[in-house]
Amino acid sequence: MVTVLEDPNPGWLRKALQSVVGQTMSEWELAIGVVGDLVEEAEEALTEVIDRIAPGRAHVTRHPAGWTTPLAAAAALAASTAEVVALMSQDDQLAPDCLELLTAALEATGTRCGAAYADEDRIDGKGDLSSPVLKPGWSPELLLATPYLGHPLAVRRVLFEEAGGFQPVADGDWEHDVMLRIAERRPEVAHVAEVLCHRRFATGAAVAATTTTEALTGPGNDDRSGGRPHPGPGAVVRALERRGEAGLIEAGPIPGSWTVRRVPSRRPRVTAIIPFRDGATLLRACVDSVTGTAGAVDLDLVLVDNGSAEPETLTLLDRLEGRRDVTVLHDDRAFNWAALNNAAAQRAAGEVLLFLNNDIEARRPGWLEALAAQALRPEVGAAGARLLYPSGRVQHVGLALGLGGAAGHVLAGLPGDQPGYLGMAVLQRECSAVTGACLATRRTVFDDLQGFDESLGLDLNDIDYCLRGAQRGLRTVLEPAAELVHYESPSRGTSGSREDIRRFLDRWESQVVAGDPFLSPWLTRVDCSCALRGPDEAGWWQAWRSTLERS
């Protein structure tokens, strides 16, 4: 366990050290780097652990005031022989089984996994706990946006040293830098879905790196960093340079976060496929707004007329068919969303296929560039947009398995100016699936997956597509910079076709029951609120499942 002390609160320090001493795991060492002089009470607390409680197991290195935290941490670690490196701040309090559970998570996955992290909450000066930070499973895209792994974090020492250990970062968060370098060396990171660390909002002259989780708790997601400036983008800049990825880094939508605007190596060609039946007003708004905000992409449209009969629609189609960038296909078969899109994809010329509902409207430029850039990344199978209702409330910021039944929209109905729990409504991140109302994918991926499953004609075909991509190691990414308006009625619901749901569960029920990897198991599946899980939700889901078998 590595920690750096710099002007610590003596009482808090004593409790932090006692939480290490009280671990259920017997094999541990404490590596402490002291920066500057400690007040007498803090020195006494430190001496008590070193000399009386844990002699020979606590190693202390001392450094003059002004010594950087990562260098002090590196010196402290050098005095230790432990095979696992765990990080804690000078004010953290660990749960008694923290080290035991983190180590078990590392051992359970063998050498494939290089690091393990767990959930955390907040502890105030009175010792009261609040604001649980119930983290998602391993999400490399989210980690680039924010150091969401937070504390506690345990890393195999051999991997830690291969990744370069503790390093100062010019204009950046050194802990975020450590997390990113470790993740690049070993692609699997384990999540222990238990609150194993209680963190304080320290007010000392200097503290360990501020993590974004401090800005993500509470109903308003207030920034509780005590007025301290958040680190700059140095860790993210270094990560993109190491990976050879082009991107523009901007301050993110919440404190301590970053947005990476991906830059494709070439101007992408995108084909937007839009099925419709009548609804001329919606179709006109969709076509005009999408083409008017396309930005630096070569865009063409394939409009799939599924039996339109209204004169206004037929007049609009006559006008659109004269455009060089528009192809109109007439497909009068019984409505099957998957089949209509699959057939239209055969006529598409773009290297990126963009599947759009006809009730989508684009109001800001740059969205398609951002979405296409994500879809062109070799590790990404599907990229989705942030969709808002006309009222401004959230309609889609990613789908989660098991939510409301088979799958549902996370945070649907959230006010559009709210970041949502842990920033899920505004941060670039992985999710299990994105909606086919706006889904971008490379043509090569679409062909490899043989398109959408036409046996799921009405519902869940988009989710099935994303899950089949995941089976091949491809990620599904939410790109909030692609923000669009979706005129789908909030009262429409997501009950879907019972037959489609049955077919979907025949294939994916084990994953649905296991729980969505990007939504904490402690958050409810009954609705989209991300509230704490209620009692017997497993029973609720089984009751829902049984309704599918009724005639």
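This is a predicted model: local features need pLDDT of at least 70, side-chain atom pairs count only at pLDDT 80 or more; totals for chains, interfaces and linings use all residues.
Leaving aside neighbours within four places in sequence, which residues is Gln374 in contact with? Residues are numbered from 1 along each chain as its sequence is written, and side-chain values use heavy atoms, with hydrogens and water left out.

View 1. Gln374 sits in helix H12 (residues 367-375); helices (H or I, at least four residues) and strands (E, at least two) are DSSP runs, numbered from the N terminus. Gln374 counts as buried because its relative accessibility is 0% (buried means under 20% relative accessible area, exposed over 50%, partly exposed in between, with a 1.4 Å probe and protein chains only). Beyond four places in sequence, the contacts of Gln374 are Glu141, Arg262, Val380, Ala383, Gln428, Val477 and Glu479. Contact here means heavy atoms within 4.5 Å.

**View 2. Helix H14 against helix H15.** Two packed helices are described by the angle between their axes and the distance between the axes. For H14 (residues 461-471) and H15 (residues 498-514), the axes come within 12 Å and cross at roughly 55°, so H14 is oblique to H15. Axes are lines fitted to C-alpha atoms, for helices over the stretch in contact, and angles run from 0 to 180 degrees between N-to-C directions. Angles under 35 degrees count as roughly parallel, over 145 as roughly antiparallel, 65 to 115 as roughly perpendicular and the rest as oblique. The crossing of H14 and H15 is left-handed, that is, the near helix is turned anticlockwise from the far one by less than a right angle (right-handed if clockwise). Ile463, Asp464, Leu467, Arg468 and Gln471 of H14 meet Phe504, Arg507, Trp508 and Gln511 of H15. This contact of H14 with H15 divides into four nonpolar, two polar and three charged residues (Ala, Val, Leu, Ile, Met, Phe, Trp, Tyr, Cys and Pro count as nonpolar, Asp, Glu, Lys and Arg as charged, and the others, Gly among them, as polar).

**View 3. The largest nonpolar core.** A nonpolar core is a set of buried Ala, Val, Leu, Ile, Met, Phe, Trp, Tyr and Cys residues joined through side-chain atoms within 4.5 Å. Among the 99 residues of the largest one, Phe166, Ile463 and Phe504 touch the most other members. Helix H7 (residues 174-185) gives the largest share of this core, six residues. Apart from it lies another core, of 38 residues, including Ala280 and Leu303.

**View 4. Helix H7 beside helix H8.** H7 and H8 (residues 234-243) pack at an angle of about 20° with their axes 9 Å apart, which means that H7 is roughly parallel to H8. H7 passes H8 in a right-handed crossing. On the H7 side, the contact is made by His176, Asp177, Leu180, Arg181 and Glu184; from H8 come Ala235, Val236, Arg238, Ala239, Arg242 and Arg243.

**View 5. Ala280 in helix H9.** Ala280 belongs to helix H9 (residues 280-292) and is buried, with a relative accessible area of 3%. Not counting residues up to four places away in sequence, Ala280 touches Glu312, Thr313 and Leu316.

**View 6. Backbone details in two loops.** Leu460, in the loop between helix H13 (443-448) and H14, has a positive phi of about 70° although it is not a glycine. The peptide bond from His151 to Pro152 is cis, with omega near 0°, and Pro152 lies in the loop between helix H5 (140-145) and strand E8 (153-156).
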